Amino acid sequence: MKMLKTFQGTIYPSDCDHMGHMNVMHYVGKFDQATWNLFSSIGLTGQYFKEQKRGMVALEQNITYIKEVLVGDCVFVESKIDSISEKVINLTHRMFHFPSKELVSMTSIVGLHIDTVKRKAIPLPNWIDKFKN
């Protein structure tokens, strides 16, 4: 899957910590928004999760911080699915400064498809096969 733009936003003072740069919890939040947008692009929408009583949970996330992001900076995230197996989706997000397009952070995430009633891992829907590499 090619990289897809999944998030864009501005860094507000409330996103920053006492060091004056965006706090790590807000990187996670912006990457999380990008994740749900990426899932929607392959049909794993909020409507699907709600109607089918399904969900996705993060099993692992690794973040690399490359360049500080400061108040007033604009950023965008590009994302792609690296692989899909029976129950698991591996994906990558890259956050860039806008408009310079400098890479500021990146993350890899392993997500697990679950039944939200039984709280157990289950296979992804069959139609997701067309997005497998």
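User: Which strand holds Thr 107, and is Thr 107 buried or exposed?
Analyst: In this predicted model, Thr 107 is part of strand β5. Its relative accessible area is 2%, and buried means under 20%. Thr 107 in β5 is therefore buried.

User: With which side chain does the side chain of Thr 107 make a polar contact?
Analyst: Not counting residues up to four places away in sequence, Thr 107 touches Phe 31, Gln 61, Asn 62, Ile 63, Leu 91, Thr 92 and His 93. A polar contact needs a pair of N or O atoms within 3.5 Å. For the side chain of Thr 107, such a contact is found at 3.3 Å, and the partner is the side chain of Gln 61.

User: In what order do the elements of the protein chain run?
Analyst: The protein chain has two helices and six strands. Read from the N terminus on, the order is β-α-α-β-β-β-β-β.

User: What is the radius of gyration of the protein chain, and what does the globule rule give for 133 residues?
Analyst: The C-alpha atoms fill a box of roughly 45 × 30 × 25 Å along the principal axes. For 133 residues the globule rule gives 14 Å, and the chain comes close to that, so it is as compact as a globular protein of that length. The radius of gyration of the chain is 16 Å.

User: What share of the 133 residues is buried?
Analyst: The protein chain exposes about 7,500 Å², with 54% of that area supplied by carbon and sulfur atoms. Among contacts with a separation of 6 or more, 67% are between residues 24 or more positions apart. Counted by residue, the buried share of the chain is 40%.

User: How far does helix α1 reach from its first C-alpha to its last?
Analyst: Helix α1 covers residues 24-41, which is 18 residues. At 1.5 Å a residue, 26 Å is expected, and the helix comes close to this. The reach of α1 is 26 Å.

User: Which residue caps the N-terminal end of α1?
Analyst: Beyond the other end, just after α1, Gly 43 takes a positive phi of about 95°. At the N-terminal end, a side-chain oxygen lies 3.0 Å from the backbone nitrogen of Met 25. That oxygen belongs to the capping residue, Asn 23.

User: Which residues of α1 are buried, and which strands are among what covers them?
Analyst: An α-helix has 3.6 residues a turn, so residues three or four places apart point the same way. In α1 the buried residues are His 26, Tyr 27, Lys 30, Phe 31, Ala 34, Thr 35, Leu 38 and Phe 39. Their cover includes the strands β1, β2, β3, β4 and β5.

User: Which residues touch the most other members of the largest nonpolar core?
Analyst: In soluble globular proteins, nonpolar side chains tend to be buried together. The largest nonpolar core here has 14 residues, and those that touch the most other members are Leu 44, Ile 89 and Leu 124. Two or more residues of this core come from each of α1, α2, β3 and β4. A second, separate core has twelve residues, including Phe 7, Tyr 27, Val 75 and Val 77.

User: Where does Lys 101 lie, and is Lys 101 buried or exposed?
Analyst: Leaving aside neighbours within four places in sequence, Lys 101 is in contact with Phe 76 and Phe 96. Lys 101 has a positive phi of about 65° although it is not a glycine. Its place is the loop between β4 and β5. At 58% relative accessibility, Lys 101 counts as exposed.

User: What phi does Lys 53 have?
Analyst: Lys 53 is in the loop between α2 and β2. With a relative accessible area of 45%, Lys 53 is partly exposed. Although Lys 53 is not a glycine, its phi is positive, about 55°.

Conventions:
Residues numbered from 1 in each chain as written. Predicted model: local features only at pLDDT ≥ 70, side-chain atom pairs only at ≥ 80, totals over all residues. Heavy atoms only, no water. Helix = DSSP H or I, 4+ residues; strand = E, 2+ residues; numbered from the N terminus. Expected span 1.5 Å × (residues − 1). Buried < 20%, exposed > 50% of the residue type's maximum accessible area, 1.4 Å probe, protein only. Contact = heavy atoms within 4.5 Å. Polar contact = N/O pair within 3.5 Å; in protein donor to acceptor, adjacent residues only side chain to side chain. Core = buried A, V, L, I, M, F, W, Y, C linked by side-chain atoms within 4.5 Å. Rg over C-alpha atoms; globule rule 2.2 N^0.38 Å. Areas by Shrake-Rupley, 256 points an atom, 1.4 Å probe, with all protein chains shown as cover.
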